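Welcome, and please take a moment to look over the chain before reading on.

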Amino acid sequence: MIQSYDLYLPTHLVFGKGRVSELGNLIKGYGKKVLLTYGGGSVKRIGLYDTVKKILTDAGCEIFELSGIAPNPKIESVRAGVEICKKEGIEFIVSIGGGSTLDCSKAISCGAFYDGDPWDLVIHNDRIGRHLPIFDVITLAATGSEYDGGGVITNEETKEKLSVGGCYPVASILDPEYTFTVPANQTAAGISDILSHTFEQYIVAEGSMISDGFCESMLKTVMHFGPIALKDPTNFEARGEVLAASSFGCCGLLGLGRTPSPWPCHGIEHEVSAWYDITHGVGLAIITPHWMAYSLKANPSVVAPRLAQYGVNVLGLNPADGVEANAKKAIEKTAEFFRSIGITQTLKDFGIDDTHFDEMADHVAKAWFGDFSTAIAPLDHAAVVEILKASL
Ligand code: NZQ
Ligand code: ZN
């Protein structure tokens, strides 16, 4: 039955070829002192850096830069950005690149109005007050950060990967052509991330017809166009459909009217990528089928119908084969899909063993925003360790 919901979508999405040219209009009225943030150089190779700099210069902006923001962005980059904002009186931020650059920019924008260390804001979201306005040009279809308020930051010292919240971009520009150069492994990781955002909200106890449809459309779109984008990286339609889908992953639309999800695969994956250097989407592709299998085993009467619905409506399984068989087949086909897009590894391939699994299971229960006992099959410490071990 449809549940109560809140949906807050304040970000202006500007999607389409060449639409970066509208950045100058979008930033009007937000000031002149801008912090331009980016990662390791992909934005220079694709010409986006020069384009954006010219637009900002033509708009009369004084530009300060923070470069070298790494995947799984680190708190050190946030601290460096906050320092620039405070010293220079930055009025707004323009983030160009993937989700990591945008997430880091969100944390910087919150830290700019906070007196203490910005890591406090990641640990204590309730201390976040004002934040600087953020504009972005996203160049990788994956996180959905362009349409949500979260910014995930890693602290290598404390082995934690957690998020600031409530920090929505003012406007996000999405041009599929800027994603043409995303390498195959990152494209696959992005596809997996979008699918996981959907599974997290789709595979819950109670659904609603309207958001069943949103979720199933997301899964069908990405499973159809993702492999085309991988084979033909400059296929505008395929890149465009996947990029469009990415925005809706974490904005709340997919969970509309459904049992709220504690996002178990994300909680577990963030523990893994806090300890080890693993791409977020790859970790999710490895963990997700094992989470599904655990959930089916632990709570078959609730989980089997949901997985079977996914099997029939998304994967084209035959309803006549029955709920139990289709639930199992849906899990197999999900794992098969991840392998088909080139994610064939297990956690072991990243040098991971079970040394820290107990600490991860303890930490996720303590620090993660979601309560794992509310997952479609409740997850306790032993369950988290079991899923991690199955993923080795
Ligand atoms: O650093 P550069 O040189 O820009 O290269 C990046 C990086 O090496 C490269 N890249 C990006 N766009 C490219 C490109 N290479 C060629 N052509 C382009 N057009 O791709 C690499 C990965 O970039 P990154 O930004 O790290 O990837 P992604 O967008 O997948 O972001 C991953 C981070 O987002 C977090 C993840 O945990 C991870 O830290 N997430 C953020 C969420 C959110 N804010 O809502 C939700 C997600 O669930 C996720 O947790
Ligand atoms: Zn994700």
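This is a predicted model: local features need pLDDT of at least 70, side-chain atom pairs count only at pLDDT 80 or more; totals for chains, interfaces and linings use all residues.

Residues are numbered from 1 along each chain as its sequence is written, chains are lettered from A and ligands numbered from 1 in the order in which they are written, and side-chain values use heavy atoms, with hydrogens and water left out.

**Helix pairs**

- Helices here are DSSP runs of H or I with at least four residues, strands are runs of E with at least two, and both are numbered from the N terminus.
- On the α7 side the contact includes A184, T187, A188 and I191, and on the α8 side it includes D212, C215, E216 and M218.
- Axes are lines fitted to C-alpha atoms, for helices over the stretch in contact, and angles run from 0 to 180 degrees between N-to-C directions. Angles under 35 degrees count as roughly parallel, over 145 as roughly antiparallel, 65 to 115 as roughly perpendicular and the rest as oblique.
- A second pair to find is helix α11 (residues 280-298) with helix α13 (residues 323-340), where the angle is about 170° and the axes are 9 Å apart. This makes α11 and α13 roughly antiparallel as well.
- From α11, the residues A285, T288, P289, M292, A293 and L296 meet A327, K328, I331, T334, A335 and F338 of α13. Contact means heavy atoms within 4.5 Å.

**Salt bridges**

- The count comes to 12 salt bridges, each defined as a side-chain nitrogen of Lys or Arg within 4 Å of a carboxyl oxygen of Asp or Glu.
- R19 pairs with E22, and their closest N and O atoms are 2.9 Å apart. R19 is partly exposed, at 28% relative accessible area, and E22 is partly exposed at 28%. Here buried means under 20% relative accessible area, exposed over 50%, and partly exposed in between (1.4 Å probe, protein chains only).
- K329 and D321 meet through their side chains in a salt bridge of 3.0 Å, N to O. K329 is partly exposed at 31%, and D321 is partly exposed at 38%.
- E88 and K87 form another salt bridge, with 3.5 Å between the closest N and O atoms. E88 is partly exposed at 22%, whereas K87 is exposed at 66%.
- D212, R258 and R306 are linked in a network of salt bridges.

**A nonpolar surface patch**

- M1, I2, Y5, L7, L9 and I210 make a nonpolar surface patch of about 610 Å². Patches are made of residues with over 30% relative accessible area and no salt bridge, joining like charges within 9 Å and nonpolar side chains (Val, Leu, Ile, Met, Phe, Trp, Tyr) within 5 Å. Accessible areas come from the Shrake-Rupley method with a 1.4 Å probe, and for residues only the protein chains shown count as cover.
- One member, L7, lies in the segment before β1 (12-15). L7 is partly exposed, with 34% relative accessibility.

**Single residues to look up**

- H363 sits in helix α14 (residues 357-367) and is buried, at 12% relative accessible area. Leaving aside residues up to four places away in sequence, H363 touches E160, E271 and W368.
- S340 belongs to helix α13 and is exposed, at 54% relative accessible area.

**Positive phi angles**

- Most residues other than glycine have a negative phi.
- N72 has a positive phi near 55°. N72 is in the loop between β3 (62-66) and α4 (75-88), and it is buried at 12% relative accessibility.
- K159 also has a positive phi, near 55°. K159 is in the loop between β6 (151-155) and β7 (160-164), and it is partly exposed at 30%.
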